[in-house]
Amino acid sequence: MNPRVFIFQEKIWLLVRVAESVAQKEGVIFFPVINATGNTEIVEVPLNDPDLIATDARVVNYKGLDYLTTISHLRLLNSKDGIHLVNRISKPYYLAKVIWNASGLRIAGFPKSGKLIT
């Protein structure tokens, strides 16, 4: 989602935002949240819970608070030829670890000049 490309040390780099969720099961909804200590927790709520509003696949409202059904992180990949990705980093490059990023991350743009744009 929303990839950014840049050249560094004679390689083409791709920074991507990946959104992931928990596999759902019938009668229950799961959604990830980042708690106050920066750890990810999976919340499990029965679909018939009166405190749950789940009318949108992207967000649920539970006990008056909105939660995204996915959580995003950044991954960094590179290529020497711009076609074949090599040196894939299997772990997320950056995970949200603070409560104000609890719904995930966004990638800022950066043009060739090196100045950041959002």
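This briefing covers four residues, Asn61, Arg4, Glu10 and Lys63, in a predicted model. Asn61 sits in strand S6 and Arg4 in strand S1, while Glu10 and Lys63 are found in loops.

- Strand S6 spans residues 59–62 and includes Asn61.
- Asn61 counts as buried because its relative accessibility is 18%, and the cut-off for buried is under 20%.
- The side chain of Asn61 lies 3.2 Å from the backbone nitrogen of Gly64.
- A polar contact of 2.9 Å joins the side chains of Asn61 and Asp66.
- With neighbours within four places in sequence set aside, Asn61 is in contact with Asp51, Leu52, Ile53 and Asp66.

**Arg4 in strand S1**
- Arg4 belongs to strand S1, which covers residues 4–8.
- The relative accessible area of Arg4 is 28%, so this residue is partly exposed.
- Between Arg4 and Val16 there are 6.5 Å from C-alpha to C-alpha, at a sequence separation of 12 residues.

**Loop residues with positive phi**
- Most residues other than glycine have a negative phi.
- Glu10 is not a glycine, yet its phi is positive, at about 60°.
- The loop that holds Glu10 runs between S1 and strand S2 (11–20).
- Glu10 is exposed, because its relative accessible area is 76%, and exposed means over 50%.
- Lys63, also a residue other than glycine, has a positive phi near 55°.
- The loop between S6 and strand S7 (65–68) contains Lys63.
- Lys63 has a relative accessible area of 56% and is therefore exposed.

Key: Residues are numbered from 1 along each chain as its sequence is written. This is a predicted model: local features need pLDDT of at least 70, side-chain atom pairs count only at pLDDT 80 or more; totals for chains, interfaces and linings use all residues. Side-chain values use heavy atoms; hydrogens and water are left out. Helices (H or I, at least four residues) and strands (E, at least two) are DSSP runs, numbered from the N terminus. Buried means under 20% relative accessible area, exposed over 50%, partly exposed in between (1.4 Å probe, protein chains only). A polar contact is a pair of N or O atoms within 3.5 Å; within protein, one must be able to donate a hydrogen and the other to accept it, and residues adjacent in sequence count only if both atoms are side-chain atoms. Contact means heavy atoms within 4.5 Å.
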